[in-house]
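Dear colleague,

Please read them with the coordinates open.

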Amino acid sequence: MPARPLIPASEELLALWRADPAAHDADFVARLLEAPQTGLQASLQTQDAVTVLDLHFGAGLGFLQTWRCFDRLRGQGAARLHYVAIQPHPCPPDQLAALHASWPGLATPARRLREAWPQLLPGTHRLLLDDGRVTLTLVFGALDEELARLEAPADLFYLHGRQQAFDPAASDWNAHACKRLARLAWTGARALVFEGGQAGAAMRQVGFAGDVVEGALAMGYAPGWGRPPSHVAAADTPLLRRPRHARHALVIGAGLAGTAAAERLAARGWRIDLIDAGPAVATRASGNHGGLFMPALARDDSPLARLTRAAFLFAADRLRQLGGVGTHEGAAIAGEACGILQFGRDAKQALSFEQGAAQWNYPARYARWMSADDTRALLGMPTMGGGYFFPEAGWLNPPSVCRRLLAAAREQAEVTTHFGRTVAALRREEGHWLALDEQGEVIAQAPVAILAAGAQARTLAQSATLPLNAVRGQVTHLPAQGFPELPVALCGDGYLTRPYAGRICMGASYDRDDDPALRASSHAENLDRLQHMLPDIAGRYAMPDVADTADAAMPLQGRVGFRCIAPDRLPLVGALPDLDNSAATPTRLDAVPRHPGLYGLLGYASRGLIWAPLMAELLAASLEREPLPLPRDLLAALDPGRFALKGAATGVASEE
């Protein structure tokens, strides 16, 4: 079910939280979490990583006390804390600060939480805190729907027995609702149920048992029956939840997808062998001078809109954590969060944009509608019409992103680069993947291999059947001197960056051929796109005339790259299908056979700058069996096995 506009916490709900000890009494919650029956301290002291699922988050009291306990035991057990919370009606920042003022003993973690607090947008928000040691996954949406879609194997649950008192739309804790908890529980998981008298009976029906501790039920999960394969944590016993693979991976491709994968895995202690045919990072599709990072919006909040929202917000946070963006010398990443104005391609789409803005009432920091008069005033010249303005979006230099990601990976773990080496074949031997060059020599080997080389993945036997297409894109580099100074980047039927290193990027063509050379006709198409967005630009800038220019005498520079595109325009993230071992066409994703230890980060098309960070986080979390940063339906939309299902479309993607 698509998301709906959020309804923030009302004054009535805030009053209920203040009156509820589990949501507002810091001493009460601290005592409960310190009790041995709760299981928090034992988990933190005996496990490598601990996951808490909180369904009574309020203003975050349980999270802050859990974080404090985790921090107090630093170096004595768990290296990572994963905290997942579903919040139907989140607080805006000012209300959050007012509630936090009642907990002076938690002032420091409360301030950090507020600094990281996401915009009030529906969906899953992945926040990395405490230098990545603490992962907070906030899900803003209806509790029943989001719990059913959650992929988060949990060690501890924080629940409230009177959930409907705080959220009338939520189900009470009947046996059906409690089955959703059992689906997520590791064997031996604990549940702390505030005011849990009525919920206790239903919890016992699905395998929980326990006793009363200071007004709450402290229960353990130990079902006396076998668990279905559909359960997230079906197979493991307590304290034995290591990753499925040794922490060593081959990453094939050193563009945005590959360097992001290396960084996210290195953050978890993985050893990386990074292989690329080029002499350095970002020599192919990720090598453009400039590209846009922005979400996509849709009135029906389509899977693409939901995915790009989560990806854009996570990418923006990661850019800040990696040192921020700028055009000054020494900037960690070259680029600007200058804002992007996205025009409607035509009057019909512009009207849809305007209606969607009214329907969703996005936070002003995220997106707002601008009329044709507004866009003209912003740019100081006539425009093609109205559109969305994304204040925190912008443009980036992709090679600088790749360089920073690789540097960050090296700061966290051992990374060996193999530049100038082409992977001609992959071979599986004794539980390892061997990457072989054209002469059959082994470049590197590891138990895990990740294909992140875009359309080049089609040259390997294990991924040759994936429906990936290489689509030519030529970017035009306009001299910045004399170009009107625009305060924002532009997007319409093309895109335009702001100046960097004396050049402005304008693009991009969308061609169904494999010609790597610059050509005048593609430059002419890009200039037409520019004039469509800015009808008076020719009167303000000396537009090059390339219409009748031979390719050999072109007055303009540029670059040709090849986008890797799947038929549905969504990335392929996860275990790659092994169709040679499929006796029949599967009808479910869990029935698709997979290559053991072989994964893909593919099909980023023209959105690599926002896809790369979240898709890498998703794959790394999956390999580590951590809570995933997206709901089940969106995970299915990204699964590389989706094209193996009966009736799946595998044709060539249509043009944008």
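Helices here (H or I, at least four residues) and strands (E, at least two) are DSSP runs, numbered from the N terminus. By that convention L304 belongs to helix α13 (residues 303-321).

Residues are numbered from 1 along each chain as its sequence is written, and side-chain values use heavy atoms, with hydrogens and water left out. This is a predicted model, in which local features need pLDDT of at least 70 and side-chain atom pairs count only at pLDDT 80 or more, whereas totals for chains, interfaces and linings use all residues.

As to confidence, pLDDT is the predictor's confidence in each residue, from 0 to 100; the protein chain averages 92, and 95% of the residues score at least 70. Over residues 651-656, however, the pLDDT is below 50, although this stretch has 19 contacts in the model beyond near neighbours in sequence, a contact meaning heavy atoms within 4.5 Å.

To return to L304, this residue is partly exposed, with a relative accessible area of 25%, where buried means under 20%, exposed over 50% and partly exposed in between (1.4 Å probe, protein chains only). Leaving aside neighbours within four places in sequence, L304 is in contact with A296, L570, R607 and W611. L304 and L634 are 330 residues apart in sequence, yet their C-alpha atoms are 9.1 Å apart in space.

E263, in helix α12 (residues 256-266), is buried, with a relative accessible area of 3%. Residues up to four places away in sequence not being counted, E263 touches R318, L405, A408, A409 and Q412.

In helix α7 (residues 107-116), the residues P109, A110 and L113 are buried. Seen down the axis of α7, its buried residues fall within an arc of 100 degrees (taken from the directions from the helix axis to the C-beta atoms), so they line one face of the helix. What covers these buried residues includes α5 (61-72), α6 (93-100) and β4 (134-140).

Lastly, helix α10 (residues 175-184) and helix α11 (residues 197-205) pack at an angle of about 60 degrees, with their axes 8 Å apart; axes are lines fitted to C-alpha atoms, for helices over the stretch in contact, and angles run from 0 to 180 degrees between N-to-C directions. That makes α10 oblique to α11, given that angles under 35 degrees count as roughly parallel, over 145 as roughly antiparallel, 65 to 115 as roughly perpendicular and the rest as oblique. At this packing, A175, C178 and L181 in α10 meet A202, M203 and Q205 in α11.
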